Structures are given as C-alpha cells and as structure tokens.
Amino acid sequence: MKSLKGMHVLMGVTGGIAAYKSAELCRLLKKSGATVQIVMSEAACQFITPLTLEALSGRPVAVQMFGRTQGALEHIDMPTEADLMLIAPATADYLARCATGRASDLISSVTLAFAGPVIAAPAMNTNMYTNPATRRNLETLRHYHGWHFVEPTSGELACGTVGQGRMASPQDIMAEVLAFTHRDLAQKKIVITAGPTVEDIDPVRYISNRSSGKTGYALAKRAQLRGADVVLISGPVSLAPPSNCQIIHVRSALEMEAAVLAHCDDADAVVMCAAVADYRPASKADEKIKKPQLNQIQLVPNPDILAGLGEKYRNASTPKLIGFALETENLKQNATAKLQQKGADVIVSNLAADALEGDMTKVTIFESNGDFQETGIITKAELADLILNLI
Ligand code: CTP
C-alpha cells in the first residue's frame, strides 16, 4: 500500500461549490500519513469554513495576506516547507491568476512562490471549462509551469447543466497523488502509440480502424505520473492530450512508423497500443474518385511497426516491446503466435465479445516467457498500471 508518510502537502482550496469535497480530501491525505497545511482563498471560505479544515488538518488555516498572526513571511515560509502543492478545487479565476503569475492574494502568492510539483483539480461550469481563455490558461500551466491536472469529470453540475467540469472525487484525486509521488518509472523513457491510423483514399474517403485511443492515453497518463518520460504518438482521436507528455500527432501508418523510429532507440519500452491499418491505398487521389471507379482501388500493405521493432531489437534487452491484439477467437493461440511473429515481449489481448464501452476493459496479458494473467473487468487506468508494472 503506497503512502504519503513523511510528506508535507500544501493544500490549496479555492472558491467553488466543490470546496466541500476538500474536507474529505484533507482527511484522506492525513490518513495516508501526510502532514497538511491548508491555504484557502477568501471565496473558498464562503463554501466551507476554515474551522472545518483546521480541525481535519490539525493546523491553523491560512487565508489572508495581511493581519494574520503567523509571521510576516507566511507566503514564503509555507511553500518552502512543502513537498507538494495540491489545489482542489482550482477555480477558473485562480487558474487565470496563476497562469499570468499574479500574486494578488495569499493563495496565489503562495503558489507563485512554490517551486515544487503542483497538482490541481479544476472544478467549474462546463462553459467556463471549455472557454478558450481557460483552455489557454490550463495549457500555460501545463507546458510552462509543469502542473499536473486531475481532469474534472462529466456529469450533472451544481449549476444544473450537464457536462465536464465536476471536480474529480477525493478518492480519484488521492489515487493520482499517490501515483504521482510513487515515481517508480523515473529515468525511464516510454514510447506509446494510441488511436487509429487513417489511410486516405481521396480528399473525402479513408480506410481506418475503430479505436477511441482511451487505453493508450490512459497509459501515457499513468506512465507520466509514475515519473516516466513519455512520448505519445497518436492517430486522430477526440481526447485531450494528457499533461506533461510529448505528444506527436500522426495520421497514417507510415507517419506513425517514422515517429516511432525517431524516438525508440533510447526508449526503455515501446507500447504499440495503436490500431494500425494493415493496408493503405497504393496512392492517394488528389480529386474525389467517382463511384464507378471506387471498387478499383489498389491496396498495398502497411509496414508492421511492431514486427519491425521486434526485428530491429532482436538481440537487445531494450526497448521492451508491448503489443495489443483484439481477437474474435483463439485468444491464447493468436497471442502466442503474435508474440513470436512480431518479436514482442508482451501481448495484451482481448476478445471482441469482451470489449467494453467507455473506460472499462477485460484482457489477458501474455508474456514471451509463457506467463499470462487474466485481469477480469478493470478500468483502463488500472490496466495501464498492470502493463507499466512489467516495464
Ligand atoms: N501493429 C503494428 N503495425 C501494423 C499492424 C499492427 O505495429 N501494421 C501492432 C499493433 O499496434 C498491435 C499489434 O501489432 O500492438 C497487433 O495488432 P493486430 O492488428 O492484432 O495484428 P495483425 O498483425 O494485424 O494481426 P491480424 O491478422 O489479427 O489483424
């Protein structure tokens, strides 16, 4: 069981309705062994009293910049003592202030003065969350300040609308904090492919595979939280890129192959999660092909990227090669054959009949040494951790 024993967490609470969940989060942080210093914005005090968080954290709660009793340099001392800053909830206004480096109140001053890792759990109305100004602020904090975000979930919001913006549950935030602080993949470089490839026939038609990209993105997110240096090579999907990963957008199998080859030499593992199209049109027509000629398209095979890597690194101990296979029958037989044919170390395989909607999955993980494990129904994030444990 991972714990936060010996860790001092500076927990920021800003002013949104989700502030009521910060009490439970504070309790979970304490329970896992952390010491917790709470700093609240004045607006947060409209939603939950400092007294509640003071009782749960066992320390006086800091709110105001001036007129306190704890010493004049509180906004410098508090960040200096902390190992990690966790903001939950993080409102749109707080994020905007941090993205522009403002220090207009105690909580933003403390954040600006804090040099360590910051994890934030945004919570706000969907329109506020999707507003380009907020998106830009999130990107700024992600790319230039290295912040990690625990994405808000979708559902019914306090304002009555339905959409993304609800703060992640205290349990999920805790899980991310634990994963984040358990940096067992530090110094490891992991290349992950995700989503489908798209092979253009003409300007309006293409050949592709079904793939949401969710498993690959979950892998990238968990790997990154566990300290790995992640290169995510993604076909077209409608998912937000995970924080702090190098993301390379590709379209075709050939583009994906080139990106993989450009990054795999010093990688510790390559996880081929993408649903690569096996064939592509011999050439892409510049003009739309008319219906009568459409059945004359010549297809040529795409390179098998995983098999190419298996060949390239046949006698090398790294990168570890992990593939995926969706089958309709003979799971074990097909997976064993793919391990051999592609020179892979691991094949994560599932039956199409077991393919589950959304974030759940059920797979069998086959290793080249003959070991295998059946997972039962688990989340894609849990699957990601099982796979990463093999690296
Ligand atoms: N793969 C790849 N390049 C391809 C096709 C597949 O790298 N051109 C990888 C996939 O990313 C996956 C693994 O190989 O990790 C297995 O994919 P799958 O489609 O099951 O393999 P195929 O060789 O296409 O076998 P099948 O005949 O079952 O489609």
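One salt bridge is counted between domain 1 and domain 2 of this predicted model; a salt bridge is a side-chain nitrogen of Lys or Arg within 4 Å of a carboxyl oxygen of Asp or Glu. Lys221 and Glu176 form a salt bridge in which the closest N and O atoms are 3.7 Å apart. Residues are numbered from 1 along each chain as its sequence is written. In this predicted model, local features need pLDDT of at least 70, side-chain atom pairs count only at pLDDT 80 or more, and totals for chains, interfaces and linings use all residues, while side-chain values use heavy atoms, with hydrogens and water left out.

**The side of domain 1 that touches domain 2**

- Strand E5 (148-149) and helix H8 (170-181) are the elements that each give two or more residues to this side; helices (H or I, at least four residues) and strands (E, at least two) are DSSP runs, numbered from the N terminus.
- H8 provides the largest share, four residues.

**The two domains**

- Domain 1 covers 8-181 and domain 2 covers 189-389, with bounds from an automatic or database domain assignment.
- The centres of the two domains, taken over C-alpha atoms, are separated by 36 Å.

**Contact and buried area**

- Contact (heavy atoms within 4.5 Å) links 10 residues of domain 1 with seven residues of domain 2.
- The two domains bury about 810 Å² between them, 44% of it on carbon and sulfur atoms; buried area is the accessible area (1.4 Å probe) that two parts lose on being put together, summed over both.
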